[in-house]
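Student: I'd like to learn how to read a few local features in a structure. Could you walk me through them?

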Number of protein chains: 2
Amino acid sequence: MREVAVIGTGLSPWGEVWGASLRSLWSQAALAALADAGSDKVDSITVGSMSPGLFVGQEHLGALLADELGMPGVPALRVESACASGGVSLYTAFAQVASGLADVVLATGVEKMTDVSGDECTAALATAADGECEVFYGATFPGLYAMMARAHMERWGTTREQLAEVAVKNHKHGSMNPNAQYRQKITVVDVLRSAKVADPLNVLDCSPITDGAAAVVLADLATAKKLAKGRPIVKIAGIGVASDRIALHSRPDMTTIPATTEAAHRALAMAGRAIADVQVVELHDCFTIAEIVVLESLGLCPPGKGGEQAPSGRTALGGALPVNPSGGLKSKGHPVGATGIAQIVELSAQLRGQCGPRQVKDARVALAQNMGGTGASSVVTVLEVAS
Amino acid sequence: MREVAVIGTGLSPWGEVWGASLRSLWSQAALAALADAGSDKVDSITVGSMSPGLFVGQEHLGALLADELGMPGVPALRVESACASGGVSLYTAFAQVASGLADVVLATGVEKMTDVSGDECTAALATAADGECEVFYGATFPGLYAMMARAHMERWGTTREQLAEVAVKNHKHGSMNPNAQYRQKITVVDVLRSAKVADPLNVLDCSPITDGAAAVVLADLATAKKLAKGRPIVKIAGIGVASDRIALHSRPDMTTIPATTEAAHRALAMAGRAIADVQVVELHDCFTIAEIVVLESLGLCPPGKGGEQAPSGRTALGGALPVNPSGGLKSKGHPVGATGIAQIVELSAQLRGQCGPRQVKDARVALAQNMGGTGASSVVTVLEVAS
C-alpha cells in the first residue's frame, strides 16, 4: 500500500451564502486547494455530499463538478455516509492513491443547506437516521442527541453547565478563525439562556445550518515530495472507517459511540500510534454532548470524564490537548458533506504551522473524527508531519 | 496493485416489487452473494444508489444496510454517479481490495423506484442531468435521449426500425432470463405501435422503472483461489471510470459518448487487452439508441454502424458478439443504482458457464459498460477467467 499525503487544501466561504450556488461554492474550495498544491491536474475527484437531491434537487455531483472545474474526462464520483460524507470521500480518495489507481486525487465535500426552509432542512437531515424505526415515530437529530445527553447526565453526573462549556470553548476558538461562520465569543449564561431545542439542549448547544465546501489534494508520497517546495509534508498516517447499528435505540449503551472507538482503533493501528501520541484533535461536535461522548469513545479521557474536559481547560487552546481549534462544527459551521474534509484542512494547517493565533505549538500528530447519524458511521484519520 | 476477483454474486427479485422494502431487496441480494462466495464475513461494504433520498426518504444506506445484514461495525459507505452508481460502487470496492485496505468487499447496488408516482420518479431521475441548465428548461431523460436518436438518424441514416431491433433482440434475450422484469418476446411492429414517449422513442424503446438490488463479493486473488472450490475464477482484469460535460448541449457531438470511449481505453489498458478480444458484452441500453451509440463509442463497430448490429444478428445470442445476453436494461429492468452491479453478476455467470439457454459459448473475456446521465459518467470493466 502506497503512502499518501495531503499536498493542498482549500475552503469556500462558510455561512448562509445566499449569493453562491452549490457548484460555485465547491469550485472556490477546489480551486483554492489546487492552487495551494501547485498542481493544475488531478487523476480523480471524489465529492462527499449528504443529500444534494433533497437540498438543491441535484444528484450526479461527480460529473457536474468535474465539468464545472473545467476537467471533464477525469473520473469523478460522489460518496455519502450522511454527516460523515466528507470523511468517506477522504477514505475513498485515499484508497485510490494507496492502490496506485491514481497519483493525485482531489478529495472534496460540499453541502448547500439554506436553499430550503428550516423544516425541509430538518427533514432532509433526518434521512440520516432510520426512516422506518426512528423518523417515522417523530425522532429528529436534536431529539436523538438530547436523549444521549440525558443518558450521560443520568449515568455519569454530567451537568448542564459542562455541556455549555463545550460551546463556550469552541466559540472562543472560532473567534480566532476568519473562516468560521459564528465568530462571537459566548458565555455559559448565554448558552443556558438560549432557546430550548430538545431538553437539555438549547440552540447554542447545536451546530448551525451552513452552506460551504472544502477540498484537499492527496498524492502519493513521491509526488508529494516533488511538489513540497520546502513546506512540511502532511502524511495520512492512518485512516479507519466503522459502522454501527443505525438506530440509537438498537445500541446497548447510548453514552458511547462504538463506531468511533473502532474507527480510531483501525486508524491508530495503521499509523502505528497510540492515542496518547495525538497532540491536536478536530472532532464532530454537532451538539455539545457529541464532543463529550466522542472524547471518551476515542479514549482521550476515561468514560464519564468527558464533561470535565472543557471546564478544566485541557481541551482549550493552550491546554494539554486542544480539541476543535478551528471552532468545531459549533462555531466554524457544519455544511454536513464538507465537514469531514474541513477537519483535514484545519489539521493540515496546524501541522504546517499556518494557524496564527489559534496555532497549537509544535503539533506533529493530529487526529480527525467525523461521524454520521448518531455515530452509526465514523471515520477517524491520523495525520503526521512526514520526517 | 493487488489483483481482484469476483468470488460471489447475487440478485434480489427485480420488477415492481411492492411487497419488499429497499432494505429487504438489498439484503436478499447481499445474502445470495455471500452464500455464493461461501463467505460469511466481509471487510467492507459499498452501496451504489442514485437517490434513495428522493425515492424512499432515506440516505445513509451504508450504515443502514450493514446493520440490516447483521454486520454493524463493518466499514460501509454509499457511492453515487446517477445511473452509474453501481459501476462506481464496484470501482470503489475494487480500489479497497487493490490497495490492501480490505481483502473481501461486498460491492452492491440498489434502487427502490416504485414507492413514488411516475411524475415523482421522472423528477428524481432528472436530478442526474444539469438542474440549472437542462432540467430547469424542461428536459427529461427520454427527451435528451430522443435528441441523441434524432441526431444519429440525421447524421448516419439510422432508421426507426433499427432502434426497434435493439428492443426486440434484448427482449428475446430476456425471455431466457428468469430474473428479467419483462420476459415476453416483442416484434418490431410492437415497438413501432407502442405509445410515443419522446419522438422518435416509443415506450418499448425505454427501459422500465424497476425495484431491485444486486451484489458481488470481491476478493484479492489469493483469497479467491482459497475459496474457489474448483470453480473458474473470474478476475476484474481492468476497470476505468471517466466523466464528461454533464449537459448534452455542452458536447460537440451528440452521436457519441466520449466518457465511455475513455473509460474503455483505461479498462482495456489495465487489462492489457484490445477491444477485439471481448467475447460478450453487457452495456447500458437505457433507451434503444443508447445501445447503438455505446457500441460505436466502445469501438465494437465503426461510427455510424451501430444501427446495423442488431438487425444483422451480430449482437444477438449466437452471433459473433452477443450484447446484453441478460436482456439488458430494456428487458431485465433498470433499478438505476443496481444496474452496474447486475451487469457484473450476468457476466460472471457467463464466464463461469452458468447461463443455460442464454450461455455464450466458451466466453473467457467479457466487458461491462455502465453510464450515468446522458453518458457524463461512464464505467467500463473487463472481466476474464483467470488462467
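Student: Let's start with Y137(A): buried or exposed?

Tutor: Keep in mind that this model is predicted. Y137(A) is exposed, because its relative accessible area is 63%, and the cut-off for exposed is over 50%.

Student: Which aromatic residue does Y137(A) pair with?

Tutor: The general idea is that you describe a pair of aromatic rings by the distance of the centres and the angle of the planes. The structure holds 4 aromatic pairs over all chains. One of them joins F136(A) and Y137(A), with 5.1 Å centre to centre and 85 degrees between the planes, which makes the pair edge-to-face. F136(A) counts as exposed too, at 63% relative accessibility.

Student: Okay, on to the backbone. What should I look for there?

Tutor: Most residues other than glycine have a negative phi, and most peptide bonds are trans, so you look for the exceptions.

Student: Where is K229(B)?

Tutor: K229(B) is in the loop between α9 (221-227) and β8 (234-243) of chain B. K229(B) is not a glycine either, and has a positive phi of about 50 degrees. At 63% relative accessibility, K229(B) counts as exposed.

Student: Last one: why is strand β3 of chain B largely enclosed by the rest of the structure?

Tutor: Count its buried residues: 5 of the 5 in β3 (residues 76-80) of chain B are buried, so the strand is largely enclosed. Then check each face: A76(B), R78(B) and E80(B) are buried on one side, and L77(B) and V79(B) on the other.

Student: Which strands pair with β3(B)?

Tutor: Strand β3 (residues 76-80) of chain A runs antiparallel to β3(B), joined by 3 bridges, and there V79(A) stands opposite V79(B). Strand β2 (residues 44-48) of chain B pairs with β3(B) in the parallel sense over 4 bridges, with I45(B) opposite A76(B).

Notes. Residues numbered from 1 in each chain as written. Chains lettered and ligands numbered in written order. Predicted model: local features only at pLDDT ≥ 70, side-chain atom pairs only at ≥ 80, totals over all residues. Heavy atoms only, no water. Helix = DSSP H or I, 4+ residues; strand = E, 2+ residues; numbered from the N terminus. Buried < 20%, exposed > 50% of the residue type's maximum accessible area, 1.4 Å probe, protein only. Phe/Tyr/Trp six-rings, centres within 6.5 Å; stacked < 30°, edge-to-face > 60°. Pairing = 2+ DSSP bridges.
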